[in-house]
Each structure stands twice: as structure tokens, then as C-alpha cells.
Amino acid sequence: MDNTSNATSPSPVVSSAFTRMSNVFASPSELYSEVAAAPVQTTSWLLPLLVLMVICVIASFAVYSNPELRQQIFDLQQKGMQKSVTEGKMTQEQFDRASEQMENSGPVMFIIIGSLIQIVPLTAVFFLGALAAWLIVKLGLKSPASYSKLMEIYGLSLWIGVLGAIVTIIMMSLMNSMFATPSGSLLLGDSFDQLNKGHKLLGYLNVFTLWETGVSGIGIAKISGKSTGTGMIVAFGVWALFILVATFLF
């Protein structure tokens, strides 16, 4: 028996995770056909979610390390707080104190807060999105698929989000702009206004998010036994709901 070969070969779990990750990009239809017939693998959603969280930390570090990007973040925060002062939601004294704290915040605090601002909504959207899709699939499409299976579908498509996050960090760093993302906000450039709902809506029209949602739609179709079009309607319907809520309520 060749013990050296066994020692260096990857475990079945690692091999399966890597194969599924690559198939999200290469052949999602084939991937989700296999996923629909196989038992739930927790690593399918947990691994990409953890990787995306790590990238959020890296993104916060990249922003802090770039003086122009860091100043843009401070400007955006101050603009939002100034609006709160105008609307009576914050006093001028609170505004001054918060501004001073932001300007004096060190790299550790900046990175922690910046990471949490990204990770918390990312995690909430993932679990709530899977929940919304599961309810539609179960009640509307009469599918026996479990919630954990929908988490697996959405989790695997997160690998596209991982690629999108890496591309976004590179674009922002090269163009020295927080709005240099692969989305509609790129069309507005420096005129992008985070407080403008129309601008926010454009910002959510991200190429990678649309790709990710489309792939999720394929997965929903496979596990529910419905057409790809039906799966796409469910996936993009859930996506549109979250976009409208994020745009007009926050």
C-alpha cells in the first residue's frame, strides 16, 4: 500500500467542496442536478460564507490603507449624520462627538466596524433570502425540499459573490473610488449620492449579484422539479424584494 499517496491526497470533503465550487462557474445546471439528488452538505454554504466574511475584513483593511478611500468613507458617514441632524434625529453635539470619534479611530477599530457593517447584512440577507425562497418553493411550488437544501443552493452561488467581492476591491483600489464597483453606480462616477434612492437602486444592479441570482434560480428549478424559468422567477423575485426594501426603507 502506498501510504505517501494516501497522505498527500485531498480528503473527499475537500475534493467535493472544490469540485462544487468550480462547477458553479463551469456547469451550474449539472452541479445543481447532483445537489438535488444528494444529501445536504453543510460545507456547501458554510465555506463560501466564511470566505466572504474574510474578504469583508480584507476589504475594510484595503479601504483603511488607502487615504482617499478612507476619507470617502468618513465623508459618506458625515453626510448621513448631517441629514439626521437636519431631520432632528441627532443633535449637533452628538454629530460633533461622532465625527471626532471617526476621525480619531485607529486601524483596528476602523477595520472591526467596517467588517461588521458588511458581515451583518450579508449574513442576514443570506439566511433570510434562503428562507424566503424556501417558503415560496414549499408553499407555492409544492416541493418537499428542506430549508437546509435552499441554504445549500444559495451558499454554492455565493462563490460568484466571492469573485465579485475580489473584483470590487481591485476596482476601488485602482480607481480610488468607493463607487467603482461592477454595478450601475460606475456610470455615475463621483456624482453618485448614497442618499439618493435612485442612485442606491443603480448601485444594487451589480453584474455579479445578477449572475449569482441567476445561478440560484437554476438550483431552485432543479430541487423543485420545475422549469428553469420558474426557478429564475423565484430567485429574482426574492432578490427584487430585498433590493426594494434596502432601497426605500434603509
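Which side chain meets that of Lys149 in a salt bridge? The side chain of Glu152 does, at 3.2 Å from N to O; a salt bridge here is a side-chain nitrogen of Lys or Arg within 4 Å of a carboxyl oxygen of Asp or Glu. The model is predicted, so local features need pLDDT of at least 70 and side-chain atom pairs count only at pLDDT 80 or more, while totals for chains, interfaces and linings use all residues. Residues are numbered from 1 along each chain as its sequence is written, and side-chain values use heavy atoms, leaving out hydrogens and water.

Lys149 and Glu152 both lie in helix H8, three residues apart, about one turn of the helix. Helices are DSSP runs (H or I, at least four residues), numbered from the N terminus. Both residues are buried, that is, under 20% relative accessible area, where exposed is over 50% and partly exposed is in between (1.4 Å probe, protein chains only).

Glu152 also forms a salt bridge with Arg20, with the closest N and O atoms 2.5 Å apart. Arg20 lies in helix H2, so this pair ties together parts that are 132 residues apart in sequence. Arg20 in turn meets Glu34 of helix H3 in a salt bridge of 2.9 Å, N to O.

Technical notes: Helix = DSSP H or I, 4+ residues; strand = E, 2+ residues; numbered from the N terminus.
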